[in-house]
Each structure stands twice: as structure tokens, then as C-alpha cells.
Number of protein chains: 2
Amino acid sequence: MNLPRPIRKLIESFEKLPGIGPKTAQRLTFYLLHVPQDQLDEFAQSLTSLKKATVLCSRCFNVAETDPCPVCQDDRRDKTVICVVEQPLDVLALEKTNHYQGLYHVLHGAISPLNNIGPDELYISQFVSRVKKSWQNGAAVKEVILGTNANMEGEATAMYIKNQLNSLMVTGDGLPAGKAGLRVTRLGQGLPTGGDLEYADEVTLSRALEGRRKY
Amino acid sequence: MNLPRPIRKLIESFEKLPGIGPKTAQRLTFYLLHVPQDQLDEFAQSLTSLKKATVLCSRCFNVAETDPCPVCQDDRRDKTVICVVEQPLDVLALEKTNHYQGLYHVLHGAISPLNNIGPDELYISQFVSRVKKSWQNGAAVKEVILGTNANMEGEATAMYIKNQLNSLMVTGDGLPAGKAGLRVTRLGQGLPTGGDLEYADEVTLSRALEGRRKY
């Protein structure tokens, strides 16, 4: 006996999602059989309009309904600081801290030669020209926070962007005279809150030692 | 900053699914942002047509595209044996064994007073009248295999159905004269294949002892 075609097709669609195997896909599909039709329609509607009703902000490349996005439009935000992150979800995580008042730049990935993702696949050149342009039109960017992930790909991406910004400063192209230049920082690394020293790996502990602060 | 509305709505839809929390819902939604639009449309199409293009078989209440379902229509199946299961997925599991040639009856749940599910919420009365009708029109059901789950709800449901069938046999209503009556069986219980005796719980081991067979 084969499953009915509509059921099989929905299982296949669920299986394509990351982290959802055949068993979970089956379970979800059979669960949805017991759900009212209008809830199914709403789900379907959200799926079709997901990409149609959203755009990438032309300044920070975050996903938004408007261009520029609400963060880039907000006059209360500090336009001299830009935090570079890999994904839109990273923006959300940083916004939840209520601790950051600057702008963002979303790369939509990290440099990963194994997956054939080089700097050209990311929004890096757009970021460099965004910084350069800010120097030319008054609202000069003073600090770039490299907020890529603390893994190999994230470190490689941070390193690449730092080099790009350095060469920009060497040429001094467009940099306002008499300015101290650009401060490039990286998000602090060390023990996560609630983390046990005992279970921390060597790299994390080394980073925590390097990043120790006056108490 | 709030997430764009289309994204938020899709996250909410995912969150309603069993076993999918807010973090997974976010991850799935942002993954879908990178998926081609036609794949999203196909997913949405599968969702809307899931219930529209399927029916419950009027005989066994399994989910199917046609009524009666392919199993009930199949002349090669043994119509004198019916296996009673809780869910359509149970039918699938039994079919995969290639070991069962009888028919099915899907209850769509199990008796669970804690969740306000009594016998009337399930397709139990339909099953009893199905058995009774089979006695009247020649193709008499000779065996009922109670294939509900081996947990408390499944056992209660099996017990309830057994009592219903017993009282049916006492009245003998429609039972063909000279027939030995109905054999009611329960799926065997004991150690699962690959299971270690050492780690089996007491109930499973007791059942395995009760169910021991000549070797």
C-alpha cells in the first residue's frame, strides 16, 4: 500500500527542511490532517507570501517589508557604528539584548571554501563601499563591529573584512582629513553566561584569558 | 525591532506544529527565505490540498484518495481478518512488514479520559456494526486483531472493543448458525528485536514470559 499522493507530497515538502527527517515529516503531515482547513490555508498563504512580501534592505541587506528597513530609517540609531553579522537572525538576537544602538550589515553567510562560498557570494563589497560612502557624505562610520560567528567560517570572514577595511584606510580614499580613522572591533569571546569552567574547551578558555578585564 | 510580518506569520504557523519550538520555527522560516519561489508554492499547494484531496474510507476509515480505499478494494486481501489500529500511520507500519494480508480499521485515536476522548470520539461503533454486517452478508469476519498501542490508552481501547465484541457474540445477533464465533487477538508483546534483556522494564519482561513460545 502506498500513501495517498497529497499526503506523500506534503511529507516530501517537509523532508526538504533542515533537521526534519522522514519520520518527523510523516508525523507533522498526519498531524495536519486533523487541523481545520482555514489553518492549513493560512499556513499555505504565509509560505507563498514569505518571499513576495519581503525585500532586502538596500543599505544593510537585512530582510524587511520596507526599503530602507526600520532600523536604517530610525533617526535615533547611532549611524557611526555598524555591526556586521552573517544572518538576519543574528540581528534579531542582538536587538533582543536592548544593548546596541548602532546599525547593521547582513552578509547572508560566511566565507566557506568547502561549500564554494567566497567573498563574492556575500554582501562584503557592498559593505566596504557603504563605509567609504559614509566618509564622503558627512555621517562617517567610526566603528565596525565584526559580529560573525565564533567558528572557522566566521573568523575567516571577519579577517577578510578587516583586511578590506585596512586597505581602504591605507589608500585613505575618501577618508576625511584629520579623522582618527576607523575602529574595527570583534565581539568579545570567552565563557558564555551560565557556562562551567570545567566543561569549557581549550580554545574558549584561551580566549577568555586573552579577553580578561579589570574587575 | 520586530520581524517583518510575513516572516512572523510563518514562524507562528510552524510553532503550532507538534515538537517544533520557537527556535526551530525561526530556523525553518529563515531557511525558506533562501528557497526558490516555486518550491514554496509547491509546499503551499500540498498544504491546501492535503485535506481537500483525501477522504476517509467509509469502510476502514483510513485516509485515502478513493472511497473505498485501495486496501478495502483489493480482492486478494483476506476479508475475514480485520486489524484494529489507532492511526493511519499504524496501517503503513503494518503494511511495511509485508506480513499481513487482512483488512484494517482505523480508530483515529485511543480512549483517553484525561484528554476527554471517550469511545464515542473514535470509530468504534462503526467497527462493531462493520463486524455485525459482515456476519449478515456472507463474508463473515473470523478474527479481529487488536493492534492498538501497548500503552495505557491502547490497552483500555483494546479492552473496550473486546467487551463490545463479546456482548455482540452473547446476543448472537446476526451470527451465522454453526459458526465457531469470532476470534479476538491482541498483537504479541515482549522484547523488541534488537532489545537487550538487561534494559527491558519489568512489564515488558513479564509480557515476554507470558508470551513465550515453543522453540
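Reply: In this predicted model, helix H6 of chain A passes helix H7 of chain A in a right-handed crossing; a crossing is called right-handed if the near helix is turned clockwise from the far one by less than a right angle, and left-handed if anticlockwise. Residues are numbered from 1 along each chain as its sequence is written, while chains are lettered from A and ligands numbered from 1 in the order in which they are written. Local features need pLDDT of at least 70 and side-chain atom pairs count only at pLDDT 80 or more, whereas totals for chains, interfaces and linings use all residues.

H6(A) covers residues 124-136 and H7(A) residues 152-171, where helices (H or I, at least four residues) and strands (E, at least two) are DSSP runs numbered from the N terminus. The two pack at an angle of about 35°, with their axes 11 Å apart; the axes are lines fitted to C-alpha atoms over the stretch in contact, and angles run from 0 to 180 degrees between N-to-C directions.

From H6(A), the residues A:Ile124, A:Val128, A:Val131 and A:Lys132 meet A:Ile161, A:Gln164, A:Leu165 and A:Leu168 of H7(A), a contact being two C-beta atoms, placed from the backbone, within 7 Å. Sorted by class, this contact has six nonpolar, one polar and one charged residues; Ala, Val, Leu, Ile, Met, Phe, Trp, Tyr, Cys and Pro count as nonpolar, Asp, Glu, Lys and Arg as charged, and the others, Gly among them, as polar.

Looking beyond this pair, 41 residues of chain A are in contact with 41 residues of chain B. On the side of chain A that touches chain B, H3(A) gives the largest share, twelve residues, and the residues of that side divide into 26 nonpolar, eight polar and seven charged. One residue of chain A, A:Leu47, is in contact with B:Leu10, B:Leu40, B:Phe43 and B:Ala44, leaving aside its neighbours within four places in sequence.

A:Leu47 is also among the residues that touch the most other members of the largest nonpolar core, which has 79 residues. Such a core is a set of buried Ala, Val, Leu, Ile, Met, Phe, Trp, Tyr and Cys residues joined through C-beta atoms within 7 Å, and a residue is buried if 20 or more other C-beta atoms lie within 10 Å of its own, exposed if 12 or fewer, and partly exposed in between.
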